Amino acid sequence: MKPRLAVPILVALLALAFLASLAFGELRLSFGQVVSALMGGGDDIARTVVRDFRLPRALVGMAAGAALGASGVVMQAFFRNPLASPGLLGVSSGGALGAVAVLALAPATGFAAATLWALPAASVVGAFGATGAVLMLAQRGAGTERLLLSGVALNALLGAGTSFLLTTTAGHFEVNAQILFWLMGGLESRSWEHVWMGVPAILVGCLLLLPLGRAMDLLSLGEQSAQSLGVDVRRLRRQLIVLSTVLTALATAVGGIIGFVGLVVPHMLRLAFGPDHRRLLPYSMLGGAAFLLACDLVTRTFPIGLRLGVVTALVGGPFFLWLLRRPR
Amino acid sequence: MSTPALHASNLSVPGRLEAVTLDLGPGELVAMVGPNGAGKSTLIQALAGLLPAHGTIQWNGQPLSHIAAAERGRRLAWVGQEAHFEFAFPVREVVAQGRYAWGDDPSGVAEALAEVDLGFLADRPVTRLSGGERHRVALARALATQAPIQLWDEPVAQLDVRHALEVMRLARRLADGGGTVVVSLHDLRAAYRFDRVLVLDRGRLVGDGPPHGVLTADLIREVFRVEATFVESLVPELPGA
């Protein structure tokens with residue numbers, strides 16, 4: 001497909017998903033009602049539903065989707081592997097473990113209930129802790145393969161910790177339900193506080209990534225060749241790891257673990273519009289935002305207990321298998 | 001003597017390269033030979049600043065550590081032994097990456113493609129090329145940098161005879177134009193066509209000089225464990241350069 005079609009298509013999809021997010025739900029509103037509610041008109045109920053509930057949820061969803069899409073592009077270029085994903089280094093597992101640890105301690109301390117910020121903060125701490133551990137483990141030489149294997153080991157370790165906490169809290173139904181939120185992701189009851197926690201920082205992270213697209217093109221075809229062609233590879237790798245980690249950590253902090261977005265979205269867009277990272281980065285941000293909103297709409301449209309992470313995986317899993325079966 | 005284009009003294013990489021000292025001047029066409037594992041790729045990568053190494057490296061009299069990344073990309077081009085490309089960039093785009101250090105000014109990209117006979121494949125995704133074609137893409141990318149120092153690690157190992165000869169002629173032309181061109185090779189017959197031959201054995205530089213002075217029967221027997229008459233007898237079969 002022609003790259004110049006990409007932005008109009010993706011923006012249209014995102015706008016559609018955004019408006020649908022504001023219109024659909026238990027209270028069905030028309031697009032006209034949504035627009036007038038956004039402008040401050042319309043009836044009180046519609047205005048409250050749109051501005052206090054659905055708008056923050058949609059904004060958080062867009063930001064998390066953009067962050068995961070961008071982070072996926074970065075990891076794929078970094079590891080020169082189109083099957084790499086944002087959670088590869090243990091960032092999301094660490095984020096989930098941080099939040100789950102606080103929840104598991106909650107019945108004893110009442111800490112998590114005390115403040116809205118405790119869980120996202122614990123999640124960010126967990127995510128950064130995980131990345132710090134990977135970077136330290138892999139520091140000597142910091143070869144790509146070593147980093148990857150460290151991530152695999154860390155993911156297993158963090159997952160084990162989370163499973164352990166999940167079993168120890170098995171008696172506490174309320175806590176268990178909350179833990180599941182972190183493990184399978186979700187956007188329900190996202191408030192303006194969550195918007196302020198995640199959206200501005202994600203926006204900044206995305207903007208900082210955009211100028212690195214050209215150097216990522218070179219890195220994606222080989223570290224040594226990129227270095228020989230004039231890229232400061234050591235510095236670029238550091239920038240990429242930090243930005244990708246921050247974006248994934250923030251997405252996890254406001255939405256829990258949401259798999260497959262960072263894998264599927266960049267991949268689809270690369271197939272459609274080519275591998276040039278100067279384009280792939282913004283496309284994946286737009287596409288990730290639209291994809292996550294669409295998946296969230298599915299969870300709301302079929303209220304049978306579908307979690308966001310389940311829907312993204314239901315869409316992403318078969319796609320992944322199809323990719324593996326395709327001749328390269 | 002003018003400032004060497006490439007200078008290395010006591011260049012060592014633990015376990016792979018031992019105290020290599022050499023000076024390469026502008027206009028020199030240099031072959032690097034040695035058995036598998038002798039350290040050819042390591043020396044090339046160390047000279048290119050792509051490997052941490054002990055010792056001193058200077059490009060045009062300037063210590064490598066004083067040369068910024070982008071400036072390095074304008075001065076020296078490296079072609080690796082492996083030419084794998086994971087992402088399906090069109091051939092033209094890969095070659096255009098050679099212009100990164102020049103702010104992506106596209107001049108010379110079409111010429112570089114033509115030099116290695118890739119013009120007709122310019123729009124093909126690089127992932128759909130054969131091994132030899134991918135090596136020619138990597139060479140074209142190095143040419144597109146227009147860097148005066150060119151280090152090519154086994155550029156012809158996978159090429160058919162016509163393209164291999166064209167690459168050798170290209171190397172000669174670059175050197176005649178004042179470039180410093182280092183090519184690692186396994187074909188000792190081809191090495192006789194170079195101005196200068198470097199022989200590596202178990203991480204040491206054991207021979208350095210004009211081919212007929214260096215590639216003697218004794219040295220070849222010592223380093224490669226091959227009777228040299230074999231090599232000498234094949235020399236006249238080389239097609240003219």
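**Close-up views of a predicted two-chain model**

**Figure 1. Chain A, in which 53% of the 328 residues count as buried.** A residue is termed buried if 20 or more other C-beta atoms lie within 10 Å of its own, exposed if 12 or fewer do, and partly exposed in between, with C-beta atoms placed from the backbone. The model is predicted: local features need pLDDT of at least 70 and side-chain atom pairs count only at pLDDT 80 or more, whereas totals for chains, interfaces and linings use all residues. Residues are numbered from 1 along each chain as its sequence is written, and chains are lettered from A and ligands numbered from 1 in the order in which they are written. Chain A contains 15 helices and zero strands; helices (H or I, at least four residues) and strands (E, at least two) are DSSP runs numbered from the N terminus. Its radius of gyration is 20 Å, close to the 20 Å that the globule rule gives for 328 residues, so chain A is as compact as a globular protein of that length. This radius is taken over C-alpha atoms, and the rule is 2.2 Å times the number of residues to the power 0.38. The C-alpha trace of chain A spans about 65 × 50 × 35 Å along its principal axes.

**Figure 2. The largest nonpolar core, with 181 residues.** Such a core is a set of buried Ala, Val, Leu, Ile, Met, Phe, Trp, Tyr and Cys residues joined through C-beta atoms within 7 Å. The members that touch the most others are A:A67, A:A70, A:V231, B:V95 and B:A140. Helix α3 (residues 44–78) of chain A supplies the largest share of this core, 18 residues. Leaving aside residues up to four places away in sequence, A:V231 touches A:A215, A:L218, A:L219, A:A226, A:L236, B:A69 and B:Y100.

**Figure 3. The side of chain B that touches chain A.** Here 23 residues of chain B are in contact with 17 residues of chain A, contact being defined by C-beta atoms, placed from the backbone, that lie within 7 Å. Two or more residues of this side come from each of α2 (69–75) and β6 (76–79) of chain B. The most, five residues, are given by α2(B). By type, the side of chain B divides into 13 nonpolar, six polar and four charged residues; Ala, Val, Leu, Ile, Met, Phe, Trp, Tyr, Cys and Pro count as nonpolar, Asp, Glu, Lys and Arg as charged, and the others, Gly among them, as polar.

**Figure 4. Helix α5 (residues 131–144) of chain B.** The 14 residues of α5(B) reach 20 Å from first C-alpha to last, close to the 20 Å expected at 1.5 Å a residue; the expected span is 1.5 Å times one less than the number of residues. Twelve of the 14 residues are buried, including B:R134, B:H135, B:L139 and B:A140. The buried residues of α5(B) pack against β6, α3 (91–96), α4 (109–115), β7 (149–152) and α6 (161–176) of chain B. B:Q146, which follows the helix, has a positive phi near 55 degrees.

**Figure 5. Strand β7(B) and its parallel partners.** Strands pair if DSSP finds at least two bridges between them. Over four bridges, β7(B) pairs in the parallel sense with β6(B); β7(B) also pairs in the parallel sense over four bridges with β8 (residues 180–184) of chain B. B:Q150 stands opposite B:A77 and opposite B:V181 in β8(B). Both faces of β7(B) are covered, with B:I149 and B:L151 buried on one side and B:Q150 and B:W152 buried on the other.

How values were computed: Contact = placed C-beta atoms within 7 Å.
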